[in-house]
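Visitor: I would like a brisk tour of this chain. Could you take my questions one at a time?

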Amino acid sequence: MVQRMHLNQWFKPRYIRQFASDFNEFADSYVEYMEHYADGKTEVDTLNTFTTLTTHLLYKVAFNMDLGPLSEENHPFVTKLQTALSGTAALIANPLVAINPLKWGFRRNVRDAINTLRQRAKQVIDERNIAKRNGDYFPDDLMEHIMELKEKHPSMITDEILLDNFITFLAGGQETSAKTLSFVVFLLGKNPECYKRLQREIDENIGAVSVISLDELEKLPYLDLVLKETQRLYPVAKMTARHTFKDRMVGGHLIPAGTDMMISFYATSRAEQNVRNPTKFIPERFHIDSSEKFSKYASTPFAVGPHACIGKKFAQIEMKIIIAKILQNFDFELIPGQSCELKDVTLIQPKDGAKCFFRPRRTISAK
């Protein structure tokens, strides 16, 4: 709880506001990168491109790590992180992978990747400590807040805990946003009336504003509805675990104290008793004046309560700016024949990656 309370300060909306320019810079880099493929005939796997974008953005903003241009091959650190995450996904899918003799090579690669990540994390922390001792400039980023934990609680926070926090935020902060963005593109492509309404809202309210601030985002209420409805249908972190400390009655059933529970966000947000027409993409259902009223617990993609996702506001602002920039600059359409099925690799994602054709839009004069 001490760690949560301390790190929570960095994720407060008033603090994240300062990163709007960084979000815009990376979104602009993405637009520039995509211009090379926006010919209406080149296939773009949006999940892959969004993963690259959100990884570069998070590493730079949160840890001051520059991974180079978006157009380059994956940085070795990113490749190792993907290998480590594949090990987690494999273990969840089949716990026997931990002892399967046929998987020894895979396990070795995962262990090597984890060791490399932790060595690199330690190097970054050591470099930051040297910079502080030398009086060099360093940003007030998430890395700084993680390191302050040890300074304030030296008896509680070990070096290993620092490394754990570093790796946890790297692993959890980019994949969730990338997969959600790909679902946004997928659902807009499947629902052209929603797509056009959102693009019209962006054109009418921010036009070709070059730097989209949080104040500009407030002028895009339909974008907020689209994102909420996307996350209701496809909460990429599809479930969470909780432990009961008291006896509870849930739906007429006694849940004794000491019970480990799994709660499926995917199931609750698609249950007919919670949401009308649960499989349909209807962003308007989240409008304050909607006739459909449902519990705030019906759709909880970031979880709720004291253990809700600490990066919620960071992710929301990041994704909204990226979506707005894309619709400012491009038209896109889904490539026909893609499956609506999901791929479950710890987090859910579109099985086919939400592949699209992109085309440049006519330039709108900047304000």
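This is a predicted model: local features need pLDDT of at least 70, side-chain atom pairs count only at pLDDT 80 or more; totals for chains, interfaces and linings use all residues.

Visitor: How many helices and strands does the chain have?
Guide: The secondary structure holds both kinds of element. The count comes to 13 helices and nine strands.

Visitor: Why does the chain count as compact as a globular protein of its length?
Guide: The globule rule gives 21 Å for 367 residues. The radius of gyration is close to that value, so the chain is as compact as a globular protein of that length. Along the principal axes, the C-alpha atoms fill a box of roughly 60 × 55 × 45 Å. The radius of gyration itself is 21 Å.

Visitor: What percentage of contacts comes from residues 24 or more positions apart?
Guide: Take the contacts in the chain with a separation of 6 or more. Residues 24 or more positions apart account for 71%.

Visitor: What percentage of the residues count as buried?
Guide: Buried means under 20% relative accessible area. Among the 367 residues of the chain, the buried share is 47%.

Visitor: How far apart are the mean positions of the positive and negative charges?
Guide: The chain has 48 positive and 45 negative charges. Their mean positions are separated by 5 Å.

Visitor: In what order do the three strands of the open sheet lie?
Guide: Strand β1 (residues 44–45) is joined to β9 (residues 355–360) by two bridges. Strand β6 (residues 330–334) is joined to β9 by five. Both pairs run antiparallel. The order is β1-β9-β6.

Visitor: Which are the edge strands?
Guide: An edge strand here pairs on one side only. That describes β1 and β6.

Visitor: Which residues of β9 stand opposite Asp 45 and Glu 333?
Guide: For Asp 45, the bridge partner in β9 is Lys 355. Glu 333 stands opposite another β9 residue, Phe 357. The two names are Lys 355 and Phe 357.

Visitor: Is Glu 229 buried or exposed?
Guide: Glu 229 is found in helix α11 (residues 221–233). Leaving aside neighbours within four places in sequence, its contacts include Lys 280, Phe 281 and Arg 285. Its relative accessibility is 0%, so Glu 229 counts as buried.

Visitor: What is the phi of Asn 277 near?
Guide: Asn 277 lies in the loop between α12 (265–268) and α13 (312–329). At 45% relative accessibility, Asn 277 counts as partly exposed. Its phi is positive, in a residue other than glycine, and is near 45°.

Visitor: Is Ala 303 buried or exposed?
Guide: Ala 303 is found in the loop between α12 and α13. Its phi is also positive, near 65°. The cut-off for buried is under 20%. Relative accessibility is 17%, so Ala 303 counts as buried.

Conventions: Residues are numbered from 1 along each chain as its sequence is written. Side-chain values use heavy atoms; hydrogens and water are left out. Helices (H or I, at least four residues) and strands (E, at least two) are DSSP runs, numbered from the N terminus. The radius of gyration is taken over C-alpha atoms; the globule rule is 2.2 Å times the number of residues to the power 0.38. Buried means under 20% relative accessible area, exposed over 50%, partly exposed in between (1.4 Å probe, protein chains only). Contact means heavy atoms within 4.5 Å. Lys and Arg count as positive and Asp and Glu as negative; His and the chain ends are not counted. The place of a charge is taken as NZ of Lys, CZ of Arg, CG of Asp or CD of Glu. Two strands pair if DSSP finds at least two bridges between them.
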